[in-house]
Amino acid sequence: MKMIVYFPLYIVLILTLLLSGCDFLNRSPYDSVDTSQGFQTLADAEAAINAAYQPLQWAKLYNMRIWTLDIIAGNSEVGAGGGTDGEETVDLANFIADADNFAALDLWRGPSPGILRCNFVLQKVPAMNIDETIKNRILGEAHFLRAHYYFLLVRLFGGVPLQTEPADSNSDLLLPRASAEEVYELIVEDLDQAITLLPQRSAYTQEHIGRATKEAAMAELARVYLTHYQDYEHYQLVVDLCEEIRKMGYQLEADYADLWNPSKQNGVESIFEVQYYGKTNYDFWSNENQASWLSTFTGPRNSGMAAGCYGWNQPTAEFVSQYETGDVRKEKTVFYTGCPTFDGMTYSSAYSTTGYNVRKFLLTKTQSPDYNTSNQNWVVTRYADVLLMKAEALNEMGQTTLAEAPLYEVRCRAGLTNRSTIEGLSQMQMREKIIHERRMELAFEGHRWFDMIRYKDNYALNFLHSIGKTSATSKHLLLPIPTQEREANPKLTQNPGW
């Protein structure tokens, strides 16, 4: 059951802020701000922070563009219907895109409404006369979400304009790019604040499950340290953060497939998920949509196995070949010839141009009877990821033997119980094992591209070239600053090579 709902009424609020500088929304429902009373009540504050979550749901971020990063990373191909279907992603994945690429524009614009809404909360809520515990939680959520939005941007584009106050009619909207270092400084500051202010998940009542938590901020900070601050001190901080999360009672789901079962979401392994509740009273293609696109888009095309079945995100043979013998994740992640049936139906390789389809996210028609009825969450962070971050940090500190335990815990759930395969390895061998494990454990969950570009020794380009993507060069490790944005804002510089 979904406990937190990101209400789709806040475009009006943002337009009001942008165009008039007014602080209020002239709406009467409980999830909006009543201008006759001003921004004063707890309901106003709750409505404002709910609005800050909503852009996570949009196709510009987790409902499409984030999972298509696995296509760019070489785990899969677009597939779909051919022709112009997904051509913007095809161009990015073939490293022939230019600065007019529509997917890059989506990713550039996707976080901006969320950042603005967080800034609004951080400006208005501190002075409100409301319960201090709830106020701190709301401010912690805003700090976490702003950090998350900027973390997406800085990894995709490098330095971006930093906006830390709500824009109004007097604001300079044509800001230059800050350096990547400055963006990371704000991210760390926000996450430190979030860790201080947010409650643990165990403190939430059922109606608030799905909101950001202390441990979600800790996991995000660990990921930031692994991405940008790659030194002994920060690796130790990663280990400390991951160990604190372990003490909070997280554990791996017994069945890997349950992680994407709508009836078991926000479970014992879940740290942060984008929430969907499957309502169909909004246009499926609009920002107001509250249904997940994931099963609809990734279902095998023309198979009738699920509602929708648009055939996107088809795994490559190279990716499937990386599964070790006995890895139970294979049959729960990928459709392949001879795989177990799905809802009584047999898979055919003819459904895909690669011979494979993603199984991990597919829902039966009982679970989602129509293309626009999926209430499946997007899992942003889960405990297996934390275990693998801990293993990575320990290994990078030279504590390779200690890295075995968290790595083994993940592999054991996957059926890979022969511990000798990860014992006695050199630091380099262990690094390769962890890279492999992250690829297989987190497949198609939007992590692979971000991992590739942070790994040492030119990993991303070496890998891309090894699978035949020889057009990839160092410039492609960042997306281009979109032409439309540079034309609108002459202060924006372009990334090198674009």
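**Loops, strands and buried glutamates in a predicted model**

Gln-251 comes out as partly exposed, since its relative accessible area is 44% (buried means under 20%, exposed over 50% and partly exposed in between, with a 1.4 Å probe and protein chains only). The structure is a predicted model, so local features are taken at pLDDT of at least 70 and side-chain atom pairs at pLDDT 80 or more, while totals for chains, interfaces and linings use all residues. Residues are numbered from 1 along each chain as its sequence is written, and side-chain values use heavy atoms, with hydrogens and water left out.

Gln-251 sits in the loop that runs between helix 10 (232–247) and strand 2 (helices, H or I with at least four residues, and strands, E with at least two, are DSSP runs numbered from the N terminus). Setting aside residues up to four places away in sequence, Gln-251 touches Val-268, Glu-269 and Tyr-383 (contact means heavy atoms within 4.5 Å). Gln-484 is another story: 233 residues separate Gln-251 from Gln-484 in sequence, and the C-alpha to C-alpha distance is 45 Å.

Strand 2 (residues 270–274) pairs with strand 6 in the antiparallel sense, over 4 bridges (pairing takes at least two DSSP bridges between two strands). Within this pairing, Ser-270 stands opposite Arg-382 of strand 6. Strand 6 itself, residues 378–382, is mostly covered, with 5 of its 5 residues buried.

Over in strand 1 (residues 76–79) there is another serine, Ser-76. Ser-76 counts as buried because its relative accessibility is 4%. The side chains of Ser-76 and Asn-313 make a polar contact at 2.5 Å (a pair of N or O atoms within 3.5 Å; within protein, one must be able to donate a hydrogen and the other to accept it, and residues adjacent in sequence count only if both atoms are side-chain atoms). Not counting residues up to four places away in sequence, Ser-76 also has Asp-70, Ile-71, Gln-314, Pro-315, Thr-316 and Phe-444 among the residues it touches.

Two glutamates in helices turn up next. Glu-141, in helix 7 (residues 132–157), has 0% relative accessibility and therefore counts as buried. The side chain of Glu-141 is joined to that of Tyr-53 by a polar contact of 2.4 Å. With residues up to four places away in sequence left out, the contacts of Glu-141 are Ile-49, Tyr-53, Leu-198, Arg-211 and Ala-212. Ile-187 lies 46 residues from Glu-141 in sequence and 13 Å away in space, C-alpha to C-alpha.

Glu-437 belongs to helix 16 (residues 427–441) and is counted as buried because its relative accessibility is 0%. Beyond neighbours within four places in sequence, Glu-437 is in contact with Glu-324, Arg-329, Leu-388, Leu-407, Val-410, Arg-411 and Leu-442.

Back among the loops, Thr-473 is placed between helix 18 (459–466) and helix 19 (483–488). Thr-473 is partly exposed, its relative accessible area being 35%. Its C-alpha atom is 9.6 Å from that of Ala-460, 13 residues apart along the chain.
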